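Student: I have a model open and want to go through its packing. Can we take it piece by piece?

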Amino acid sequence: MPNLFSPIEVAGVRLSHRVVMAPLTRSRSQQPGDVPGPLMREYYAQRASPGGLIISEATTISPSARGWFGAPGLYSDAQVEGWKAITAAVHAKGGYIFSQLWHTGRSSHIDVTGGPVPVSASVNPSYWNDPARLTSTPSGWVQPSPHRALEIPEIAAIVDDYRRAAERAKAAGFDGVELHGANGYLMDQFLQDGSNHRTDAYGGSIENRARFMIEVVDALVSVWGPDRVGVRIGPDGRWNDMSDSEPNALFSYVAEQLNRFDLAYLHIVEPRVEGNVVVTEGQAPIAAEQLRKIFKGRIISAGGFEPETAEAVVAKGDADLVAFGRHFISNPDLPARIKGGRPLTAYDRNTFYTFDAKGYVDYPAYEDAEAVA
Ligand code: FNR
């Protein structure tokens, strides 16, 4: 029976454990230009482990794809150079790192895009009119800007942006790319019918709503080959005002369609988590269990895992690997801590998205913490 520390082959490399670092937006890129700098290098190097897999924080594929102030990009030469130093630092510790490719869609503000109006599958004014919904801009947290629906030729142009970002990820020394299809960003806005009311080839039926994602996966595979491409989805995820009338049918279809590529993995966010908050405390993972029956490749499960529940999902066979988000923020040596049965350091939510070293690179590894105590 596999456990969290049984080796496993993913993306043509042998991982020595199954404790994956989940993609985590931390808003620490250098400004202007959304360039990954030495602070980010230190953070990722701290979290790299021999034979361990890191998924980078969501990284924007073009200037107009931006929606979160401080998030890094992969559309300029300076960004590629910045990422090169990070991938080299991860590799120097024997680890692997995928780049998570991101278009925020309607979850954005013109002060972050630099002018262009945010885009989505369809126009949903309730999204930007909700005073409780805030997005990160240079002047703080504000309501998102009104968005508009993409025209069909623009969809093709965004597929090209993904392709170019995938090429830059290669130049930057990543081991592969992950398509961010979860948490209510552009891919998800097309998938789910709460946000997609189109009547053309990209809306209506499940097949049509999944078309954009499949075209993007095709583009990523054309650059990397299938075994270096992963896809992250959030079945039944509600974060960012997502909803779908038939989530089981939708995400089963997506998992089935992805089978034809023979991808590195399918990364599934459990619906018990909305964004970064566990909403149904104590609920067992259900999405991985269902999609395991459909998807033929490796499955990474994420969302609300503790070491014990992660061990259980791998032992049960519903997932091959488990991604940890918040615990990896405050435990840079998380795989070693779990292996050694050591206590975990609590994370501080107040510094998730702040812009400096505090709450970012100052969480000590276990041995270092012991030495100080
Ligand atoms: C996230 N999450 C996230 N997901 C994603 O696909 N791309 C991203 O960039 C981010 N950014 C992000 C930032 C922060 C600070 C948090 C806490 C979360 C979601 C994350 O990957 C994960 O799915 C959730 O945190 C749930 O897992 P945990 O934290 O319960 O292990």
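Student: Leaving aside neighbours within four places in sequence, which residues is Leu258 in contact with?
Tutor: This is a predicted model. In it, Leu258 is in contact with Ile214, Val217, Val231, Leu263, Leu266 and Phe295, once neighbours within four places in sequence are set aside.

Student: How many residues are in the largest nonpolar core?
Tutor: That core has 81 residues, and Leu258 is one of those with the most contacts inside it, along with Tyr44 and Phe212.

Student: Which helix gives the most to this core?
Tutor: Helix α8, residues 211–224, with 10 residues. Another core, of 16 residues, lies apart from it; Phe98, Ala264, Tyr265 and Ala302 are among its members.

Student: Switching to α5. What should its residues span, and how far apart are its end C-alpha atoms?
Tutor: Helix α5 runs over residues 152–171, and at 1.5 Å a residue its 20 residues should span 28 Å. The end C-alpha atoms are 30 Å apart, which agrees.

Student: Which of its residues are buried?
Tutor: In α5 the buried ones are Ile155, Ile158, Val159, Asp161, Tyr162, Ala165, Ala166 and Ala169. They are on the same side of α5, because they cover an arc of only 155 degrees around the axis.

Student: And what covers them?
Tutor: The cover includes β5, β10, α6 and α8.

Student: What about the largest pocket, how much space lies in it?
Tutor: About 760 Å³. It is lined by 39 residues, and the closest to its centre are Val273, Gly275, Asn276, Gly325 and Arg326.

Student: Which element has the largest share of the lining?
Tutor: α12, with 3 residues.

Methods: Residues are numbered from 1 along each chain as its sequence is written. This is a predicted model: local features need pLDDT of at least 70, side-chain atom pairs count only at pLDDT 80 or more; totals for chains, interfaces and linings use all residues. Side-chain values use heavy atoms; hydrogens and water are left out. A nonpolar core is a set of buried Ala, Val, Leu, Ile, Met, Phe, Trp, Tyr and Cys residues joined through side-chain atoms within 4.5 Å. Buried means under 20% relative accessible area, exposed over 50%, partly exposed in between (1.4 Å probe, protein chains only). Helices (H or I, at least four residues) and strands (E, at least two) are DSSP runs, numbered from the N terminus. Contact means heavy atoms within 4.5 Å. The expected span of a helix is 1.5 Å times one less than its number of residues. The arc is that of the directions from the helix axis to the C-beta atoms. On a 1 Å grid over the protein atoms alone, a cavity is a set of points where a 1.4 Å probe fits but cannot get out, and a pocket is an open set with protein on both sides within 12 Å along at least five of seven lines; lining residues have an atom within 4 Å of a point. Grid points are joined across faces, edges and corners, and a volume is the space filled by probe spheres set on the points.
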